[in-house]
Amino acid sequence: MSLSTSPRGTTHTESADPDETSGPRWARVIGFVGVLVVGVVAFLGAWERRWIADDGLIVLRTVRNLLAGNGPVFNAGERVEANTSTAWTYVVWFFSWLTDVRLEYVVLSIALVLTTAAVVVAMLGTMRLYTGRAVVLLPAGAVVYIAVPPARDFATSGLETCLVIFWIAVLWWAMLRWADRSTRPGLGSVLFLAFWGGLSPLVRPELVLVGALALLMVVAVPQSWARRAAIVVVAGATPVGYQIWRMGYYALPYPNTAVSKDAGGAKWDQGLTYLGNLVGPYALWVPLLLVGVAAAVWAIAAPRSGVHSDRVRGLARLRTPSAVVAFALLSGLLSVVYAVRVGGDFMHGRTLLPALFLLLLPVAVIPVPLRRGPIALVSALLVWVGVLVWAVAAAFTTAMPQGTQVGRSGIVDERAFYSVNTGHRHPILASDYLDYPRMRAMVEAIERTPDGGLLLPSAQFTSWDVVPPPLPIPEGGAEHVVFFLNLGMTSMNVGLDVRVLDQMGLAYPLAAHTERLENGRIGHDKNLFPDWVVADTGMVDVHPFLPFYLDEDWVAQAKVALTCPDTEALLTSYRSELTRARFVQNLKHAFDFAAYRIDRVPKYEIERCGLTPPPERTPTGPTS
């Protein structure tokens, strides 16, 4: 006998097909052993490729400021949200607050645990699809995911990928539990699902595509309006509350990284290149085809169980396992489309990993039928063996033979790049990056200039150009400012009193609000001239104190351009004291600030703002 639920939610019994009775206990044991083995392999695979990327160190700079009482900022005194994943920042902060262990080891531990848990929870969730079936469940989609080298690279890396797939896995498990029609879901479990789905934009902004679709399903099924209202309130309380706070605090409706990378822009051609860069080298279509065919055959051949389709009509069909499977596949496809539209990323495979994980959820494990005859049994086993053979081959494939170099596509094997350029097989500590070009020289340059100054990277990897502060030097020296692309390694190897800015704008709104460079490298297509930084920081603006490659006229023009009223308002929004009035002004104008752009050439910016250009200082002098 099996249990089913009528449209009114009452439970009754009905006859079950003999083939639908539970399989022997040993079959269930094999299934759970498979989960355990894959979880261990996922952990070991992540550990074998452990590292923390330069971008991962950016997160730790914000955590350092939080622990120091400076707030969730990258540079003290400047309210800039330099991390894309809000949830990841606070997860790392919380566990760092609990312990005195070095930050890099804290984030590495969290990443290993979340990655392993994500794979295990995903498999346990998929196993719910076969409750009561006489089958042996063998790991398939989960094996495909962990076999792809980028999945193991970004299992650690200090970035939020581990949290993203963990959030997806828990959402998948919770939705399948909610979709079990043999019982009516309790209010507590439904509200947990609502809360978890509502966290999507805080885990990573584009995950709202996944979270919103899940919440729409949960709200749309037949239920009381009071229950619907509770779901909406619980789902929206945290993200809406944070959104109000973000707009008032940071003066933006989304992280500054989205402004820096113009996340709303379209780069379809580059995105397709990025997709091919992941799928092609590993022949990823092979396992996807294998498990897809296996799932399709099972769906067609297996009799329906639980509740018959003719007993569930209309919107009630949304609360069925098949609807949740459709949700995972649709979410995965939407995630692929989004990643392709924005051009992907410069890191090999990284931004497609959540989409891959979503698409593999329904086949995280596949069923081997025990009572369908030898043909079905052999076919299922052949598919599983095929997946294992592919996984072994893919796991040892080098997708980018020149991975330590940035090629024409702009994509690079980030882990290989930094391993080679730091000389460390597993660069984890910030101090490991002192062996990256220019880093040790940066620390030495700061030590040699107690009066402060602006550090600009010179053509020589062993030195920095330092633009001094104007006289008189304040007691204790003026501030040090480092202007360099690699924010993580620089900021984590200096004190919090050193301001670290970048020409791309991840931590520097002035650069983030420049226009995107056409045909620029993906993820790096903004580039603020250093003349702006000299003007903005108030350093000495004449030769011979300026490096030869800077133009006195450009610096003077940048100073004038900075007086543009809209630019001044932008700078004030995140640099001024956070009063109640400032919070309200930021809240009102957050979307205006997000859309504001300046011209990276000071002369053209003066024209755009209708300002009076300064008199030329060096009519025949050097130019930038």
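## Disulfide, helix packing and a buried arginine

The link of cysteine 564 and cysteine 609 is left-handed, with -85 degrees about the S-S bond. This is a predicted model, in which local features need pLDDT of at least 70, side-chain atom pairs count only at pLDDT 80 or more, and totals for chains, interfaces and linings use all residues. Residues are numbered from 1 along each chain as its sequence is written, and side-chain values use heavy atoms, with hydrogens and water left out.

A disulfide is a covalent bond between the sulfur atoms of two cysteines. Here the cut-off is a pair of cysteine sulfur atoms within 2.5 Å. By this rule the count comes to one disulfide. The S to S distance between cysteine 564 and cysteine 609 is 2.1 Å. Cysteine 564 sits in the loop between helix H23 (552–561) and helix H24 (565–575), and cysteine 609 in helix H26 (residues 602–609), so the bond ties together parts that are 45 residues apart in sequence. Helices are DSSP runs (H or I, at least four residues), numbered from the N terminus.

Two helix pairs follow. Axes are lines fitted to C-alpha atoms, for helices over the stretch in contact, and angles run from 0 to 180 degrees between N-to-C directions.

| Helix pair | Axes come within | Crossing angle |
|---|---|---|
| H7 (residues 161–178) and H16 (residues 353–360) | 10 Å | roughly 25 degrees |
| H2 (residues 54–68) and H4 (residues 103–127) | 11 Å | roughly 115 degrees |

The H7 angle makes H7 roughly parallel to H16, a term for angles under 35 degrees. Contact means heavy atoms within 4.5 Å. H7 contributes Thr161, Val164, Ile165, Ile168 and Ala169, and H16 contributes Leu353, Pro354, Phe357 and Leu358. By class, this contact has eight nonpolar, one polar and no charged residues.

Between H2 and H4, the contact is made by Leu57, Leu60, Val63, Arg64 and Leu67 of H2 with Leu103, Glu104 and Val107 of H4.

Arginine 582 lies in helix H25 (residues 580–595). At 19% relative accessibility, arginine 582 counts as buried. Leaving out residues up to four places away in sequence, arginine 582 touches Arg79, Gly248, Thr572, Ser573, Ser576 and Glu577. The C-alpha atoms of arginine 582 and arginine 61 are separated by 25 Å, and the two residues are 521 residues apart along the chain.

Notes: Helix = DSSP H or I, 4+ residues; strand = E, 2+ residues; numbered from the N terminus. Parallel < 35°, antiparallel > 145°, perpendicular 65-115°, else oblique. Nonpolar A, V, L, I, M, F, W, Y, C, P; charged D, E, K, R; others polar. Buried < 20%, exposed > 50% of the residue type's maximum accessible area, 1.4 Å probe, protein only.
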